[in-house]
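Here is a structure to go through by question and answer. Each answer sets a value against the cut-off that decides the term.

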Amino acid sequence: MKVTEKKVQNPHDKFFKDTFSNPLVVRDFVENYLP
């Protein structure tokens, strides 16, 4: 099993991993929520 295929221990981990793996989402988040 690869490191990226490890079983998710917490359901929130999967959400954040899936969400923040998208560069457009990360950019939008950084521009809107970080100083």
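Q: Why is E31 called exposed in this predicted model?
A: The relative accessible area of E31 is 54%. Exposed means over 50%, so E31 is exposed.

Q: What makes R27 exposed or buried?
A: R27 has a relative accessible area of 56%. Buried would need a value under 20%, while exposed needs one over 50%. R27 therefore counts as exposed.

Q: How do you know that R27 and E31 form a salt bridge?
A: The N to O distance between their side chains is 3.0 Å. A salt bridge calls for a side-chain nitrogen of Lys or Arg within 4 Å of a carboxyl oxygen of Asp or Glu. R27 and E31 therefore meet in a salt bridge.

Q: Where do R27 and E31 lie, and how many residues apart are they?
A: Both belong to helix α2, which covers residues 23-33. They are 4 residues apart, about one turn of the helix.

Q: How many salt bridges does the structure hold?
A: The structure holds 2. One of them pairs R27 with E31, and K14 also forms a salt bridge, with D18.

Q: What makes the pair K14 and D18 a salt bridge?
A: Their closest N and O atoms are 2.8 Å apart. The limit is 4 Å, so K14 and D18 form a salt bridge. Side chains of opposite charge can pair when their charged atoms come close.

Q: Why is the link between the side chains of K14 and D18 also called a polar contact?
A: The contact that joins these side chains is 2.8 Å. A polar contact is a pair of N or O atoms within 3.5 Å, one able to donate a hydrogen and the other to accept it. The link between K14 and D18 therefore counts as a polar contact.

Q: Why are K14 and D18 separated by about one helical turn?
A: Because they are 4 residues apart in helix α1, the separation is about one helical turn. Helix α1 spans residues 11-20.

Q: Why is D18 called partly exposed?
A: D18 has 44% relative accessibility.

Q: Which helix gives the most to the nonpolar patch?
A: Helix α2 does, with 4 residues.

Note on methods:
Residues are numbered from 1 along each chain as its sequence is written. This is a predicted model: local features need pLDDT of at least 70, side-chain atom pairs count only at pLDDT 80 or more; totals for chains, interfaces and linings use all residues. Side-chain values use heavy atoms; hydrogens and water are left out. Helices (H or I, at least four residues) and strands (E, at least two) are DSSP runs, numbered from the N terminus. Buried means under 20% relative accessible area, exposed over 50%, partly exposed in between (1.4 Å probe, protein chains only).
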